Amino acid sequence: MDRQLADALNQCSSTNGVVGMVCTDKSGLCLKATGGVNASTAGYYRSIIEKATTLLSKNEAPKITIETDTSLTNLHSIIVVRSYRQQQNKPKVLIYH
Amino acid sequence: MSEADILKDFKGSMTLDTEANILSSAGTLQSEGKDFAKTILSMLQDVNFITTSTKQDFKRLSNQTFVITISNNKIFVVVQ
């Protein structure tokens, strides 16, 4: 499973503009972190997803975006993708689990 | 004039303070209570840790339904 996870993350990480990724389990344990993403933040990303889930209807998986002055972070289920802003100000990567 | 009068596609909005007290609400968010507000605040606290640790300035948090931002010590939630 580790090899499959690593391959999937490597494939996503190679997408243009992606500077880091983190994958967590349902408890927020960091399974893998690459690039500029700090593994210690994995639990917080997971927490945000869990709370967002309570705000949506039962069958809806949350797709969350955190915008800052320098980056866009997209959260999908258990995969978190962080990318730096382009001048066009568009999200760099969308990963669907 | 209400928000619905001013904004063509207005669906709902809510304003909170930093203690999750609902200052105002309109549209589809009018029926939401303190639990909703606490969840929003809690999410922002998680975001704050992440952005602080990476020395970034937070702008907004969004999902399929809401856009959340902070200004003048108030939290604004808008349904999109």
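**Burial and salt bridges**

Modeller: A:Glu50 has a relative accessible area of 36% and is partly exposed, because that class lies between the 20% and 50% limits. The model is a predicted one.

Colleague: What makes A:Arg46 buried or exposed?

Modeller: The relative accessible area of A:Arg46 is 9%. Buried means under 20%, so A:Arg46 is buried.

Colleague: Why is the pair A:Arg46 and A:Glu50 called a salt bridge?

Modeller: The closest N and O atoms of A:Arg46 and A:Glu50 are 2.7 Å apart. The criterion asks for a side-chain nitrogen of Lys or Arg within 4 Å of a carboxyl oxygen of Asp or Glu, so the pair qualifies. Both residues belong to helix α2 of chain A, where they are four residues apart, about one turn of the helix.

Colleague: How many salt bridges does the structure hold over all chains, and how many are counted between chain B and chain A?

Modeller: Over all chains there are three; between chain B and chain A the count is two.

Colleague: What makes A:Lys51 and B:Asp46 a salt bridge?

Modeller: Their side chains meet at 2.8 Å, N to O, and the limit is 4 Å. This pair crosses between chains, with A:Lys51 in helix α2 of chain A and B:Asp46 in helix α2 of chain B. B:Asp46 has 9% relative accessibility and therefore counts as buried.

Colleague: Why is the pair B:Arg60 and A:Glu67 said to join two chains?

Modeller: B:Arg60 lies in strand β3 of chain B, whereas A:Glu67 lies in strand β3 of chain A, so the pair joins two chains. The closest N and O atoms of this salt bridge are 2.9 Å apart. At 33% relative accessibility B:Arg60 is partly exposed; A:Glu67, at 14%, counts as buried.

**The interface**

Colleague: How large is the area buried between chain B and chain A?

Modeller: The size of an interface is often expressed as the accessible area lost when the parts come together. Between chain B and chain A that area is about 2,100 Å², and carbon and sulfur atoms give 59% of it. B:Ile50, B:Gln56 and B:Gln64 supply 27% of the area that chain B buries against chain A, more than any other three residues.

Colleague: How many residues of each chain are in contact across it?

Modeller: On chain B there are 23, in contact with 24 residues of chain A. The rule also finds 11 residue pairs in polar contact across the interface, both partners at pLDDT 80 or more. On the chain B side, the elements that give two or more residues are α2 and β3 (58–62). The most come from α2(B), with 11 residues. By class, the residues on that side are nine nonpolar, 10 polar and four charged.

**The nonpolar cores**

Colleague: Which residues have the most contacts inside the largest nonpolar core?

Modeller: They are B:Ile40 and B:Val77, in a core of 29 residues. Elements giving two or more residues to this core come from both chains: α2 (42–55) and β3 (63–68) of chain A, and β1 (12–17), α2 (34–53), β4 (66–71) and β5 (74–79) of chain B. The greatest contribution, eight residues, is from α2(B). Beyond its neighbours within four places in sequence, B:Val77 is in contact with residues including B:Leu29, B:Phe36, B:Ile40 and B:Phe66. Another core, of six residues, lies apart from the largest one; among its members are A:Leu9, A:Cys12, A:Val18 and A:Cys23.

**Chain A and a loop residue of chain B**

Colleague: In what order do the elements of chain A run?

Modeller: From the N terminus the order is α-β-β-α-β-β-β, with two helices and five strands. Buried residues make up 43% of the 97 residues in chain A.

Colleague: Why is B:Glu32 placed in its accessibility class?

Modeller: B:Glu32 has a relative accessible area of 32% and is therefore partly exposed. This residue lies in the loop between β2 (22–27) and α2 of chain B. Leaving out residues up to four places away in sequence, B:Glu32 touches B:Met14 and B:Ile22. B:Glu32 and B:Met14 are 18 residues apart in sequence, and their C-alpha atoms are 9.1 Å apart.

Key: Residues are numbered from 1 along each chain as its sequence is written. Chains are lettered from A and ligands numbered from 1 in the order in which they are written. This is a predicted model: local features need pLDDT of at least 70, side-chain atom pairs count only at pLDDT 80 or more; totals for chains, interfaces and linings use all residues. Side-chain values use heavy atoms; hydrogens and water are left out. A nonpolar core is a set of buried Ala, Val, Leu, Ile, Met, Phe, Trp, Tyr and Cys residues joined through side-chain atoms within 4.5 Å. Buried means under 20% relative accessible area, exposed over 50%, partly exposed in between (1.4 Å probe, protein chains only). Contact means heavy atoms within 4.5 Å. Buried area is the accessible area (1.4 Å probe) that two parts lose on being put together, summed over both. A polar contact is a pair of N or O atoms within 3.5 Å; within protein, one must be able to donate a hydrogen and the other to accept it, and residues adjacent in sequence count only if both atoms are side-chain atoms. Ala, Val, Leu, Ile, Met, Phe, Trp, Tyr, Cys and Pro count as nonpolar, Asp, Glu, Lys and Arg as charged, and the others, Gly among them, as polar.
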